[in-house]
Amino acid sequence: MAKQITAETLSTITHQNAPVITTDLLAQLYGADVKHIQNNYLRNTERFSLGKHYFKLEGAALKELKDKPSLRGLVATRAKHLILWTERGAARHAKMLETDQAWEVFEKLEDCYFNQRSKKEVANPPKKTTVLIHFDVTGKVLFTETLPEGYLVETIDGLIHRLKQRGYVVMHKNEIMEKLLINNC
């Protein structure tokens, strides 16, 4: 019995650093025949742009894909070409099929398959590093130092300006003490 594939469990196939999906996988997920997907494409070729909605692999590029161990069995050994659908191409097919299943699956593909890279970027944002560069009076770099995460580098005037913009009262501790003493007398 063939293993049931879902948008959530589908292994990512990438081409030119973007997630793509084969016609066969798209048909399985959308509950359609491969021939139906192919015919929709053939009847609407003017609505699909190479590199935007799909990629067509042939020759050496196809052979390279067939030779990847993680993708074995994905492409028929005698296939002369392979269409890889981008997120936008998969959306067009969902629209043409006009079934609830196609739209529901496409929404899951958007969430779980096509947007995996952006989820990883959000989950692991790059750490910001603050580096102080110390110069002598001539402008020559004396040394640099990396500050621990969370440190802020700001001039006193800049910091006071920023605090005042946010509604904070900024004054010297002697001024505060003076005001407290005056008000308590």
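R47 has a relative accessibility of 51%, so R47 counts as exposed (exposed is over 50% relative accessible area, buried under 20%, partly exposed in between, with a 1.4 Å probe and protein chains only). This is a predicted model, where local features need pLDDT of at least 70 and side-chain atom pairs count only at pLDDT 80 or more, while totals for chains, interfaces and linings use all residues. Residues are numbered from 1 along each chain as its sequence is written, and side-chain values use heavy atoms, with hydrogens and water left out.

**View 1. R47 meets E46 in a salt bridge.** Here N and O sit 3.9 Å apart; a salt bridge puts a side-chain nitrogen of Lys or Arg within 4 Å of a carboxyl oxygen of Asp or Glu. E46 is exposed too, at 59% relative accessibility.

**View 2. E8 pairs up with K108.** The closest N and O atoms of this salt bridge are 4.0 Å apart. The pair ties together distant parts of the chain, 100 residues apart: E8 lies in the segment before β1 (13–15), and K108 in helix α5 (residues 100–114). (Helices are DSSP runs of H or I with at least four residues, strands are E runs of at least two, numbered from the N terminus.) E8 is partly exposed at 44%, and K108 is partly exposed at 41%. The structure holds 2 salt bridges.

**View 3. V131, I133, F135 and V141 form a nonpolar patch on the surface.** Strand β5 (residues 130–135) gives the most to this patch, with 3 residues. F135 sits in strand β5 and is partly exposed, at 48% relative accessibility. Patches take residues with over 30% relative accessible area and no salt bridge, joining like charges within 9 Å and nonpolar side chains (Val, Leu, Ile, Met, Phe, Trp, Tyr) within 5 Å.

Definitions and conventions. Areas by Shrake-Rupley, 256 points an atom, 1.4 Å probe, with all protein chains shown as cover.
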